[in-house]
Amino acid sequence: MSATDKRQADLMALAKDVLIQNYRQQPMVMERGRGCELWDVAGNRYLDLTGGISVCCLGHSHPALTAALSEQAGRLLHTSNLYFIEQQVLAAKAITDRCFATKVFFCNSGAEANEGALKLARRYQHVIAERPDRNLFVSTVGSFHGRSMGTVSVTGQDKYRTGFGPLVGPVEFVDFGDLEAAQAILSKQTACAFIVEPIQAEGGIVVPEPGYLAGLRKLCDDTDTLLIFDEVQTGVGRTGRWFGHQHDDVAPDVMTLAKALGGGVPIGAVAANEKAAAGLQFIAGSAVPHASTFGGNPFACAAANAVFNTIDDEGLLDNCGAVGEYLGAKLDALATKYPSVCTGARGRGLLRGLVTKDGAAPIVTACRERGVLLSVAGGVVVRFAPALVVERSHIDEAIEVLDAVLAEASS
Ligand SMILES: Cc1ncc(COP(=O)(O)O)c(C=O)c1O
């Protein structure tokens, strides 16, 4: 065994001793990355089309992000929200300039952003709108909103909820895409908020029919229910627009962000219109309604600002749209070529999935063994969520490998 192989093996053995065994990591320790490529400590090179699960939107070690972070780290890392923070104000402006929202609250992750949105909704209904009977959260079957007690409670997949009860409630789940079911629940006038992903990502890259989000908007307007779009995975360019809902002519009251917002630095955000933002607004004489020690700190917000600027400077929304279409066409062709293994392909921009019949995990493993990193979504979907800087040549390399893997699986 070479010295680098031994180092990798030793680290994985140590991980078993010292880490809580909640994850099921693949057998490598990543050491460095550049663009869409990663290298493990043993020196093996991988083509990364997972992008840290929709996080590394600029690719690995992008010079603009590296420079912004080095500069910020050498100037000011953290002060707390006892004071105004220049980078936080600018990051909020970057978000509000690009969407319906007029106000932003920063936190550190997707779960925290959704937790903040749920708290915002409850306090909006109870305190601002003075409707204390509006407690119900409505969510969709197959959704994923996070792992905190509040967000796992509105996650529409039993496997994530089992073992953690009693959960936060009341919560009702309706089928994703089913406006009649949504109407039946919302018309009871007990709902506080409806939370939904513009594309169900972890649930298997499920894209709703055109008009679904607009239909929800109307139902929420008619029943005084706040509409929350969870854009933790679809936001910040992933679908070829700044935010996933911008493919439809619709705006929510609240949008949550995380993942790509920091390009790899942990940061989350709750972005709201003026009406909904009142739900988290400080009222003299009462406690600060919501807060986060690290939320919106200078370092994380410097990352967000670099992400927004670089996506603009390098035309990455256009690249996402164009290379995403190219990938989609290649996946359609593979699904047609291997009907005994695949049932189709779906997605938008650079959030794409190849739907398998019997489970995606063996396909993902076989691709990784051939040097291409992909991930599983919803059990049966092979998920592609590469950096927005990905090129057609990367897609060609991955498709060649996937083609060989599917050929083997279908033989
Ligand atoms: C749509 C969506 N919401 C929320 C989350 C939770 O984000 P985090 O893992 O940063 O807490 C995820 C993570 O996959 C997600 O895809």
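Predicted model: local features only at pLDDT ≥ 70, side-chain atom pairs only at ≥ 80, totals over all residues.
1. Start with the ligand. The ligand sits in the largest pocket. There are 13 residues around the ligand, and those that come nearest are G110, A111, D230, Q233 and K259.

2. Next, have a look at what kind of residues make up that shell. By class, 6 are polar, 4 are charged and 3 are nonpolar. As for where they come from, helix 5 (residues 110-128) gives the largest share of the shell, with 3 residues.

3. Now zoom in on single atoms. At G110, a polar backbone atom lies 2.8 Å from an oxygen atom of the ligand. With D230 the side chain is involved: one of its N or O atoms is 2.7 Å from a nitrogen atom of the ligand. Q233 also uses its side chain, where an N or O atom is 2.7 Å from an oxygen atom of the ligand. As for how covered the ligand is, the protein buries 82% of the 390 Å² that the ligand exposes when taken alone.

4. Away from the ligand notes, there's a strand pair to look at. Strand 11 (residues 342-348) pairs with strand 12 (residues 351-356) in the antiparallel sense, over 6 bridges.

5. Finally, check the turn. Strand 11 and strand 12 form a hairpin, with 2 residues between them.

Methods. Residues numbered from 1 in each chain as written. Heavy atoms only, no water. Near = heavy atom within 4 Å. Polar contact = N/O pair within 3.5 Å; in protein donor to acceptor, adjacent residues only side chain to side chain. Areas by Shrake-Rupley, 256 points an atom, 1.4 Å probe, with all protein chains shown as cover. 1 Å grid on protein atoms, 1.4 Å probe; cavity = no way out; pocket = protein on both sides within 12 Å on 5 of 7 lines; lining within 4 Å. Sits in = over half its atoms within 2 Å of the grid points. Helix = DSSP H or I, 4+ residues; strand = E, 2+ residues; numbered from the N terminus. Nonpolar A, V, L, I, M, F, W, Y, C, P; charged D, E, K, R; others polar. Pairing = 2+ DSSP bridges.
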